[in-house]
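Here is a short briefing on a single chain. Look over the sequence and the model, then read the notes by topic.

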Amino acid sequence: MNQSTNQPSLQSVDQIISPEWVIPVSYKGKRKLEPFRNYSVAIHKDKIVAIEPTEQLLEAYSSDQHLKLPGQVLIPGFVNSHTHAAMSLFKGLSDDLPLMMWLENHIWPAEKKWVDDKFCEDGVTLAVAEMLLSGTTCFNDMYFQPNMTAKVAQNIGMRASVGMLVFDFPSVWGSGWEAYIKKGLSLRDDYKHSDLLSFAFAPHAPYTVSDEPLKKIATLSNELSIPVHMHIHETAHEVKESMKQYGKRPLKRLQELDLVNPNLIAVHMTQLQRNEIETIANHGVSVVHCPQSNMKLASGISPIQDLLTAEVNVALGTDGNASNNDLNMFSEMKTASLLSKVYTGSAQACTAKDTLYAATMGGAEALGLGETCGSIEVGKAADLASIHLDTLQAQPMYDPVSQIVYTAGREQVSHVWVNGKLQVADGKLTQLNLEKLLNMAKSWRAKIQPS
């Protein structure tokens, strides 16, 4: 493999990274998950400018910052395709309850009492720190106060798809659906020159958003090419209630409202019939799988292998810290793969390569960022993570991809770059103070649930 721009010999670049392995994930539209050994990556002005065998690359490029990472594998940073980042401050608040009981009796009352700009700013900061330390370089968020999500991500230097939240009912973010849409689009305009932020409409779910706002979102999404990020077919109860209220399943209703198209990011999708999988595939919908949250809330199991077989783009997300208890894409990958094998009865279902792709390029494609991140390719942003594979638990090492999915943990992440900026070095945050983060989290715990 030889990718490079036509540059003169010994061109000076900002950074050169020389790990033991590079896993590009994608190259020129084709999957490339086979590891390349003794390759290096050159970065200049936030972009990847070359991926070549190390000896060859060093004959063409020089840098004052040449990071040698023996025993490590360089991958694209993870794309966490579904989060409620600020809910990190509710982590463990009301565990071991079914979804609607959890929401109606615990989470929604807590949100009504505590959620404001400061809550969301601190919660998102805590979440971004956790994600960076876990090798995640981009997240797709849906929550109140998206202005604070945008502010925190921009200030820290984290890539984010910011959800323009929409409900029928009023909240701290807006007085009704028209206000939600207006404020969301205004926020999008505020950050239109950002290299790190993109935006998606985020109607919460079919049972919280009625037809009129969904029609408006469909029109704006199609006109402005803005993704639509939505919980869909999350539980059997949701589908049952839709049949009672509308006489049709949620996906059919959304299709009639012109929302089932390549802009749609459908999250959870645990309740799917064969014809619905065909509809999703035929209309280019992306599905975000959140296996651990679905398992914890007993929501169901998404038929991921059936979706993959139908050539649906599958992405991976953790959901929020309140319903998962971590934002760890390593454990999410392993769970996704193993759960699919049990569900299908096939050990070949949802392979390690399928899962790593979903956690990186699949997520980028779902968010409309496939030309920006999700793979290690010339011209793309340098969103990267390096993982130690010379640890005891990772040895002996036969296949780096399998080790990443089935063996590795977030404690093995050594370095993380977002848009070429080093955010984690030797396992430590470079932009955030760990002690301040811990004190902030403890302060919120004391307020929300005094001992």
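**Briefing: residues and overall build**

Tyr39 counts as buried because its relative accessibility is 10%; buried means under 20% relative accessible area, exposed over 50%, and partly exposed in between, with a 1.4 Å probe and protein chains only. The model is predicted, so local features need pLDDT of at least 70 and side-chain atom pairs count only at pLDDT 80 or more, while totals for chains, interfaces and linings use all residues. Residues are numbered from 1 along each chain as its sequence is written, and side-chain values use heavy atoms, with hydrogens and water left out.

- Tyr39 lies in strand β7, residues 39-44. Helices (H or I, at least four residues) and strands (E, at least two) are DSSP runs, numbered from the N terminus.
- Between the C-alpha atoms of Tyr39 and Thr351 there are 25 Å, and the two are 312 residues apart along the chain.
- Ser161 belongs to strand β13, which covers residues 159-166. Ser161 has 2% relative accessibility and therefore counts as buried.
- Setting aside residues up to four places away in sequence, Ser161 touches Phe139, Asn140, Asp141, Ser198, Phe199, Ala200 and Leu367. Contact means heavy atoms within 4.5 Å.
- Gln11 sits in strand β2, residues 11-12. Its relative accessibility is 18%, so Gln11 counts as buried.
- Beyond neighbours within four places in sequence, Gln11 is in contact with Ala60, Tyr61 and Ser62.

**Overall fold**

- The chain has 16 helices and 22 strands.
- The chain is as compact as a globular protein of its length, because its radius of gyration is 21 Å, close to the 22 Å that the globule rule gives for 451 residues. The radius is taken over C-alpha atoms, and the rule is 2.2 Å times the number of residues to the power 0.38.
- Along the principal axes, the C-alpha atoms fill a box of roughly 65 × 50 × 45 Å.
- Of the 451 residues, 61% count as buried.
- Take contacts between residues at least 6 apart in sequence: 73% join residues at least 24 apart.

**Surface**

- The chain exposes about 18,000 Å², and carbon and sulfur atoms supply 49% of it. Areas come from the Shrake-Rupley method with a 1.4 Å probe.

**Annotated domain**

- UniProt lists residues 73-422 as "domain: Amidohydrolase-related", in an unreviewed entry. Such annotations may be inferred rather than shown by experiment.
- Over residues 73-422 the chain is 44% helix and 18% strand. The end C-alpha atoms of this stretch are 16 Å apart.
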